Amino acid sequence: MIKEKMISALNEQVNREMYSAYLYMSMSAHCSTIGLKGFANWFMVQYHEEMLHAMKIYEYILRQGGEVRLQSIKTPPYTFESPLDMFTKTLAHEQYITASINELMELAIAEKDHATQIFLEWYVTEQVEEEENDNDIIQQLKIIKDNSHALLMLDRELAGRITTVPTDFSKGIEAAMKQSGA
Ligand code: FEO
C-alpha cells in the first residue's frame, strides 16, 4: 500500500516532467524561429520523451490507487543566446531532474516502498542517458564555436533524431509501448 507522502512526491515529479516537456517545446520553437530546424527537431523529440516520463508516473500513481493532482506548469524561458546556451540550460535542468529522482528514491527507501523503488530505477538509468546526450552535444558546440558551416552540419545531424517513444497514451502506457515498438 503506497503512502500519501509518496503519492504527493510523485505528483510533484509529474509537474517537473511536464515542465521539462514545456521547456524543450519552447527551445524547439526558438530554434525554428532562428532557422535551425534540426535543433528544433531534436528538442521536439525531447518534448515527447518528457511527456512519456510524466505519463509513466501519472499511470503509476493511478495503478497504486493514488490521486493524480495536476498543478500549473510554470512559464519556460522563450529566448536564448545561442545553441550552446540552450544545451547548457538543458544539462543544468537535467541535473536538477536527476537530483529530484534521487530524492524520490531516498523517500521510497525510507518508506520501505519496494514497488516504488523498482519503478524509479527506470528513471535513474534514463537520467544517465539524458545527461550524457546533453554533454555530448555541448562538447560538439564548444568545438564548433562561431563556425556557422559546422553548426549547420550539426543541425543536419540533429534533424535525423526520431521519436522512438509512444505519443498516444489513451490506452495506457503498456499498449502505447507495444504499438510504438519501444
Ligand atoms: Fe524527464 Fe529529461 O528528464
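Predicted model: local features only at pLDDT ≥ 70, side-chain atom pairs only at ≥ 80, totals over all residues.
Colleague: Let's start with the helices. What makes the span of helix α1 agree with its number of residues?

Modeller: Helix α1 covers residues 4-33, which is 30 residues. At 1.5 Å a residue these should span 44 Å, and the end C-alpha atoms are 44 Å apart, so the two values agree. Following α1 comes G35, with a positive phi near 85°.

Colleague: Where does α4 bend, and what makes you call it a bend?

Modeller: The place is L120, where α4 bends by about 25°. We call this a bend because axes fitted to the seven residues ending there and the seven starting there meet at an angle, and that angle is the value I gave. Just after α4, K145 has a positive phi of about 45°.

Colleague: How do you know how α2 and α6 pack?

Modeller: Two packed helices are described by the angle between their axes and the distance between the axes. For α2 and α6 the angle is about 145° and the axes are 10 Å apart. On the α2 side the contact is made by L52, M55, K56 and E59, and on the α6 side by I173, E174 and M177. Sorted by class, this contact has 4 nonpolar, no polar and 3 charged residues.

Colleague: What lines the largest cavity?

Modeller: Its lining includes Y24, W42, Q46, E49, T90, E94 and R161. α4 gives the most, with 5 residues, while α2, α3 and α4 each supply at least two. By class, the lining of the largest cavity has 2 nonpolar, 3 polar and 7 charged residues.

Colleague: Which residues are closest to the centre of the largest pocket, and how big is its volume?

Modeller: The volume of the largest pocket is about 250 Å³. Of its 17 lining residues, E49, E129, N133, R161 and T164 are the closest to the centre. The largest share of this lining, 6 residues, comes from α4, and α2, α4 and α5 each supply at least two residues. The lining of the largest pocket divides into 9 nonpolar, 3 polar and 5 charged residues.

Colleague: What makes up the lining of the second largest pocket?

Modeller: The second largest pocket holds about 200 Å³ of space. Among its lining residues are K56, E59, Y60, R63, W122 and I173. α2, α4 and α6 give two or more residues each, and α2 gives the most, with 4.

Colleague: How many residues of each class line the second largest pocket?

Modeller: There are 5 nonpolar, no polar and 4 charged residues in that lining. Lys and Glu count as charged, so K56 and E59 of this lining belong to the charged class.

Key: Residues numbered from 1 in each chain as written. Heavy atoms only, no water. 1 Å grid on protein atoms, 1.4 Å probe; cavity = no way out; pocket = protein on both sides within 12 Å on 5 of 7 lines; lining within 4 Å. Points joined across faces, edges and corners; volume = space filled by probe spheres on them. Axes fitted to C-alpha atoms, helices over the stretch in contact; angles between N-to-C directions. Contact = heavy atoms within 4.5 Å. Expected span 1.5 Å × (residues − 1).
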